[in-house]
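Let's go from how the chains sit together down to a few single residues.

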There are 4 protein chains.
Amino acid sequence: MASIFGNKIKVSVFGQSHSAAIGVTVDGLPAGIHVDQERLKQFMSRRAPGRDRFSTQRKEADAPEFLAGLVDDVTCGAPLTAIIHNTNTRSGDYDNLRDVPRPGHADYTAQMKYHGFQDVAGGGHFSGRLTAPLCIAGGICLQYLETLGVKISAHIARIADVSDTAIDPMIEDASEVYVGDKAFPVLSDAAGEKMMQAIDAARMDLDSVGGVIECVITGLPVGLGDPMFDGVENRLAAALFGIPAVKGLEFGEGFAATQLRGSQNNDAYTMQDGRVVTKTNHAGGILGGITNGMPVIFRLAIKPTPSIAKEQESVSFSEQADKKLSIVGRHDPCIVPRAVPVAEAVAAIVVADLMI
Amino acid sequence: MASIFGNKIKVSVFGQSHSAAIGVTVDGLPAGIHVDQERLKQFMSRRAPGRDRFSTQRKEADAPEFLAGLVDDVTCGAPLTAIIHNTNTRSGDYDNLRDVPRPGHADYTAQMKYHGFQDVAGGGHFSGRLTAPLCIAGGICLQYLETLGVKISAHIARIADVSDTAIDPMIEDASEVYVGDKAFPVLSDAAGEKMMQAIDAARMDLDSVGGVIECVITGLPVGLGDPMFDGVENRLAAALFGIPAVKGLEFGEGFAATQLRGSQNNDAYTMQDGRVVTKTNHAGGILGGITNGMPVIFRLAIKPTPSIAKEQESVSFSEQADKKLSIVGRHDPCIVPRAVPVAEAVAAIVVADLMI
Amino acid sequence: MASIFGNKIKVSVFGQSHSAAIGVTVDGLPAGIHVDQERLKQFMSRRAPGRDRFSTQRKEADAPEFLAGLVDDVTCGAPLTAIIHNTNTRSGDYDNLRDVPRPGHADYTAQMKYHGFQDVAGGGHFSGRLTAPLCIAGGICLQYLETLGVKISAHIARIADVSDTAIDPMIEDASEVYVGDKAFPVLSDAAGEKMMQAIDAARMDLDSVGGVIECVITGLPVGLGDPMFDGVENRLAAALFGIPAVKGLEFGEGFAATQLRGSQNNDAYTMQDGRVVTKTNHAGGILGGITNGMPVIFRLAIKPTPSIAKEQESVSFSEQADKKLSIVGRHDPCIVPRAVPVAEAVAAIVVADLMI
Amino acid sequence: MASIFGNKIKVSVFGQSHSAAIGVTVDGLPAGIHVDQERLKQFMSRRAPGRDRFSTQRKEADAPEFLAGLVDDVTCGAPLTAIIHNTNTRSGDYDNLRDVPRPGHADYTAQMKYHGFQDVAGGGHFSGRLTAPLCIAGGICLQYLETLGVKISAHIARIADVSDTAIDPMIEDASEVYVGDKAFPVLSDAAGEKMMQAIDAARMDLDSVGGVIECVITGLPVGLGDPMFDGVENRLAAALFGIPAVKGLEFGEGFAATQLRGSQNNDAYTMQDGRVVTKTNHAGGILGGITNGMPVIFRLAIKPTPSIAKEQESVSFSEQADKKLSIVGRHDPCIVPRAVPVAEAVAAIVVADLMI
C-alpha cells in the first residue's frame, strides 16, 4: 500500500525511472471538474528538468497523457489516470548500482527489502522522477481548489544558509506570493541570486546543497481536520514525507515556537467583520489538528542531493568489501527549486481530500 | 476516523478530560504477549501529573483497568481494551470556556467544528489527558518490542534555549540513554537543572515554555517501511503529530541537513562483521522511507503550553466582541517532561505495527 | 484490524464472552445527536437472552454504560464508547473446549491462529455475545438515521422450511413492517407459531435449526455508494458477514434473479410526481453499487446454532486422537430471532457511514 | 475510493468502456514473482468477448501492456501497472442513453450521482469491460498463489434452471475441476449443452438469462482471516460484489444450511495423518471468519444481463416523461460464462492479499 494515499481522494502513483511509463490514478475526484490542460502543462514544467542551469539535462516533455477519467477535459467521476511515457529507458548505465549502493540513496534499503529484484535503473520507483505524476494529481487538485477559493503557494525559503524573505503568516491570499512564473522560485530575487551562487559553488566542488521550502495555503474554512491522528498536520505530514529528500516538517512557528513563551506563541483572538480571527498566526492555521481559518503554513527540510560527482565510500555486495564509488552522469546539485511545485502539489492533494 | 490509527495494529483512543473514563483499544496485537503490569504502571507514572514540581496538582492514579484482550496478563488475540476512570468529572469550572476560547487551544476550532456540542470540560477530547491511553497502548508495545530486541528511548533535548547532551546517532542500544527512572528526563543533570530554572522563571511570569524531545529507536531490522506514502517517516509523522502541542518533526539531521553539503550528509557505507553499516547516521536510519538498520532518530518540537495564568486577549461568542481571559486553575508551565514517555509510546505503536 | 469497521464512522468492537466487559467505540458520529437511552435499552432487549422460551437462560441486563462521547446524552464529536460489564466471568466450564473443539464453532481455527492463547471461555471474542456492542452502535445509528428519514426493519423470513410473509419490495416506509415489539419477530404470527414448533422440535431432538432474516431500508436518497469495491452491496456485505453464523447474503431478488429473464428482472422506470421511480424492485434498490431511491432489501442465511446437546465427533488436541464431545449447558436451539435486531444494527452502522 | 481494494495488496482499477485505455495498478505484490505472459494471455482470453457464439462481437485483443512494476517479467516491488488500449472509443451511439436510462443498468444512478458528467459511452466505468483489468491483476495473483500451492477454479453451477455437477466440497486440489480450457466452462458437458440451449432460447426471445457461478479454493493454510469484520468471508464479499451483476453470495452450504439441523450442518473433526480435518465441509472452509484448512467454496448469483433487445419501459430526463427504449447493438444474452474467470481473478486477489 506504499504508493497509495488518501481517504476520499485516493492517489495511486506508479512507475519507475526507466519503466515504460510513470503515472498516477486519482480516485474520488468529484465529477464536473474542468481540467485546463494548458495550465496543467505549465505547472508540470515548473518541476521538469532543464528549466534552469542547475537541473539535469535529461530532456522530457513530461506531458501527461490521460487514459481515463476525463471526458472532454471534464472529470466524469470515474478514476482519473494519466501517464507520462519514459522515452529514455532500460539503459545499462545502472548495473553498477546493483552492486555498489549510492550513499544517501535507497539503493541499499531497496536491495535488502526486495532481495535484488528491485529496478535499479535510475533509482527505480524511488526516483525523484516519480514526483511528476504527483504533480499531475496535484496540479488538477490545485485547479479544483481554486474554484473553492483555496490557494497554495510555495517558495524556496532557504538554500544552504541563504534565506529568502519569509511569507507573511497573516497573508490573505496565497497567490500574492506565487513565484511559479519565475525561473528560480523565490520572493526576493536578490536572495535568489545568492542561492544560485551557493548552488554553483557546490557544483564546482562536485557536491550538492539542500534547503528549506515554505508553503502557504489560504482560503481554508474553519473546521477542516479531525482530532488526534487525522488532524490537518497528521494528514499533510503523512503525505509530505513521501516527497523524496524531505527530512523535516514544521507548521507555523514550528521548531522556533520552542523558544517562545506561551504568551508570545499563543495567537490572540479578535472579532473582525463579525468573525473570529487571530491577531498573529504562530499556530500556522491549525489548532488541535483543525483549521482555524488562518493561513496554513508549513516548511520542509530538503536534504542535499545525495547523487554527487565526488568520489564516495561504499561497499560492493558481490565482493563483500568496501569499495569507492564515483557516480557518473549529470545530477542536480540542488533539488530544492524543482521540489517547490511538488510541495504545492502534495499539499493540494491533501487539502482537496479534506475539502470534499 | 480521527482517533483511530494503524494498519495491522489499530489503536483507538477514546474519552474526554472529564468523561466517565478515558481509554484505548488495541486491535491486532499478536496473541501470547505477556504484559508486565508493574512495569506498565511505572511507565504510566512517567506521564502522570504530580511527578515533579512543575506539573499540575490534579492527582490521579492513572492505573489502567483492563476490560478485554488479556487472559492472565497475556494477550489472547482479541482486541485489548483498557480504561482509566476519571474521578474528577463534570466540574462546572469550564462553562466560561464555551463562551471565551483560550488562545492556542482547540476551544475555538472545536466550537466551530462541533457546533457547540463539544465537551468543553477540561479540553474534552483535546485534553493532554488523552495521552494516558496512548501510553497504555505504547507501554504494551514497548514491552512487546523488547522481546524482539527493539528499544526506544526519548529525552528532553531542549527547553527554551537550554540544550541537553544529544543522543549519539550511532548508539547501538537505546536503553543506554534511558532516562525514565529520573524525575526529570534528561541525559545531563546539569542541563536539566538549568531547564528547571527556565521553567520556574516562566511560571513566575505566569507564563510557559516549550522544548524539543529527541527519541532514538535501536534494534530495527533493515527493510521496514515502504516507498512513498508508507515509509517509516510517513508512518511516524502521521502518528506523532497526534500528540498535542507537537508543531515540528525531523529525522536524523533534519533541518540541520539543509545546511550540509551532500558529501557531508551522505552516510558512507562500510562492511562490518559481514554486514553493511554506515559510518555516520545523518539519515536517522531511514533511506527512501525504509530502515537501513541504523538507529532511527527523530525530534519533536513542542510548543509552550497554551494555558497560562497571564491575562490574554480573546473574544466572547455570546457578546460577539473582544474579551479578556484569565485562565484559572493550575496548569503545567511546561508540558515537555511529561511528553517524553508519550513520544516513546507513540513511536512504539508505530514500530510494533511495522514489525508484525 | 479485525474488529474495526467503517470509513467516516468507525466502529471498534471489543470484549470476550467472559472478559471484564464487552463494548464498542464509535468514532466519527456527528456532534449533536441525541441518544434516547430508553429506546436504546428497548432495542438492546430485543437481542438479549431470555426474551422467549428458546434462548439461553443466562440473564444479563445488558444495559450500556457510556464511558465517553456523550454529554447529557448528546454526542459531542469525540469517540463514543459504551461497555457492558460481564457479571458472569472466568468460569472453569470451558477448559474442556481448549482440548476438544466444538464442531461448527471457531474453537479449532482460533486454537490454530492464536496458538492456544485465545480466550476459550464462552467462545471468547467469537461469542455471539459480541453482537451486544454491535447493537449499541447500531441502535444509536438507527436513532440518528430516523432523524434523516431513514428506517430499517428486519424480520425472520424463514426458520427451517417455514416461511414468513415477505416484505413488499415497493414498501415506502420500513416502519410499517417493524416487528420489534413482538416477542417473536415475524410478520405473520401464524407462520411464527409454526416456526416456534420447528424450533421446539429441534430442541427436543437435542438439535438446532437455522433460518433466513430479511431486512428492508427505506428513505435512502439516490446516489449513495460508489462503483466497484465501495458499492452499497460491498459495504453491507463486508459488515454483515461479521455477524456470527451468517453464511449467505443476497440483495433484491438475489439468487432467485438467476432464474428470471432479463425482461422480468429489469425494473422499468416511470415518472411519478416529478421524480424517477421503478415499477418493480428486483434490484433491491441498488444499481451499479449505487442506491436508486427504492428500498434496499437484503436477506441473510443464518446457519443452525452449532452448539447442540447431541453428542458429536471431534478430536482431542492433547491425545491427538478422535474424541466424542457432549456440550453441556443451555444453548439457543435457534439463534435467528435474536439475530434480527443485529441485522438492523449492522445495516444501520453501514448506512449511517454512507450518509455522513 | 470506489475502485481501490485491499490491505497489503491494493488493486486500483481505472478506465471507462470507451476511454483511451482501461487498466489496473497492483501495489504491494512481493518482489520476485515471475509473470508468465503467455499464461496470462490465455487467462485473459477466457473473459474476452467472441469466445463462443453467445458473447458480443466486439473484437479486442485485450493484451495487457505493462507500464511499470515488472523488470524482465519479474515483479520488482514497485506498483505494477498494466493497461489495455481501447481501440473502439468515443462512438456517438450512446448519446441516447444520457437521456433514457437502460433499466437494470447504472445509467440512472450514475446520472444522479455524477450530475450528468458521467461517461455514458458503453456504460463508462460501470461497464463489464472493467473486469478485464481485474483479470490482469487476478491472473497474476493466480500465478503467484500457484507457487504457494493454492489453486482456484470456478465453473458455471447453473444457468436459468439447468444445473452443472457440483464441486465436491472435500476436493483436495482445485485444478481437478479446472474448466478453463473449455469453450463453455462447465464440469458436465451434457449440462453445458442444455445451458447453451437456454441461452439460445433467451436470445431468440430478444431476452437474457442469469446463473450461478461456483468457485473452490484449495491449498489454503489454517488460520487465514480475522474475526468479525476482517474474516475471509467479509473480505471475499467486499470484493466479489464489485463484479457487475452479482446480487448474491454464499459460502459452503450457504442458504441451504438454513434448512439443515445443526447436527447435519456441523462438520465433525477427525485426525488424519497427524492433522485435524473435517469429515464434511458444509462450512465451506471458514469458521469464525478464519480458514480451517478445508476447501473454501462460494457461489455467486449473477443476474440476467440487463441489456436486452426487447423494448423496455424507461423515462426521458429531458422530456420528464415515460419513454420506451430499444437497446441497439449486440449484447451477451448471458454474461455468466465470461464471468467465470472474473470470479477466479477476484478470489485470487483477495486470497493473495491474505497470504502475504
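Before anything else, keep in mind that this is a predicted model.

Now hop over to chain B for another helix. Helix 4 of chain B covers residues 131-147, and its 17 residues should span 24 Å at 1.5 Å a residue; the end C-alpha atoms are 24 Å apart, so the two agree. Is this helix mostly covered or mostly open? Mostly covered: 14 of the 17 residues of helix 4 of chain B are buried. Just after this helix, B:G149 takes a positive phi of about 85°.

Let's step back and see how the chains meet. Take chain A and chain B: a rotation of 180° with 0.0 Å of shift along its axis superposes chain B on chain A, with an RMSD of 0.0 Å. That is the relation of a two-fold axis. The same surface serves both copies, as 99% of the contact residues of chain B recur in chain A. Here 88 residues of chain B are in contact with 87 residues of chain A. Sorted by class, the side of chain B that touches chain A has 43 nonpolar, 29 polar and 16 charged residues.

Strands from these two chains pair as well. Strand 11 (residues 246-251) of chain A and strand 11 (residues 246-251) of chain B pair in the antiparallel sense over three bridges. Which residue of strand 11 of chain B is the bridge partner of A:G248? Look for B:E250.

Chain B has a contact with chain C too. A rotation of 180°, again with 0.0 Å of shift along its axis, superposes chain C on chain B (RMSD 0.0 Å). In chain C, the C-alpha nearest that axis belongs to C:S12, 3.8 Å from it. The same surface serves both copies here: 100% of the contact residues of chain C recur in chain B.

How many residues does each chain bring to this contact? Chain C gives 41 residues and chain B gives 41 residues. On the side of chain C that touches chain B, the elements that give two or more residues are strand 2 (10-14), strand 3 (21-27), strand 4 (65-68), strand 6 (74-75) and strand 7 (80-85) of chain C. Strand 3 of chain C gives the most, with five residues. By class, this side of chain C has 19 nonpolar, 17 polar and five charged residues.

Some pairs of chains stay apart. No contact joins chain A and chain C, whose closest C-alpha atoms lie 8 Å apart. Chain B and chain D do not touch either, and their nearest C-alpha atoms are 8 Å apart.

Last stop, chain D. Here you'll find an open sheet of five strands, in the order 1-2-3-7-4, with antiparallel pairing. The edge strands are strand 1 (4-5) and strand 4 (65-68) of chain D, each of which pairs on one side only. Further in, five bridges join strand 2 (residues 10-14) of chain D to strand 3 (residues 21-27) of chain D. In that pairing, D:K10 has D:D27 of strand 3 as its bridge partner.

Finally, look at D:D353, which is found in helix 8 (residues 336-355) of chain D. With 19 C-beta neighbours inside 10 Å, D:D353 counts as partly exposed. Leaving out residues up to four places away in sequence, D:D353 touches D:G6, D:N7, D:K8 and D:I9. D:D353 and D:G28 are 325 residues apart in sequence, yet 8.7 Å apart in space, C-alpha to C-alpha.

Technical notes:
Residues are numbered from 1 along each chain as its sequence is written. Chains are lettered from A and ligands numbered from 1 in the order in which they are written. This is a predicted model: local features need pLDDT of at least 70, side-chain atom pairs count only at pLDDT 80 or more; totals for chains, interfaces and linings use all residues. Copies are superposed by least squares on the C-alpha atoms of residues with pLDDT of at least 70 in both. Two residues are in contact if their C-beta atoms, placed from the backbone, lie within 7 Å. Helices (H or I, at least four residues) and strands (E, at least two) are DSSP runs, numbered from the N terminus. Ala, Val, Leu, Ile, Met, Phe, Trp, Tyr, Cys and Pro count as nonpolar, Asp, Glu, Lys and Arg as charged, and the others, Gly among them, as polar. Two strands pair if DSSP finds at least two bridges between them. The expected span of a helix is 1.5 Å times one less than its number of residues. A residue is buried if 20 or more other C-beta atoms lie within 10 Å of its own, exposed if 12 or fewer, and partly exposed in between; C-beta atoms are placed from the backbone.
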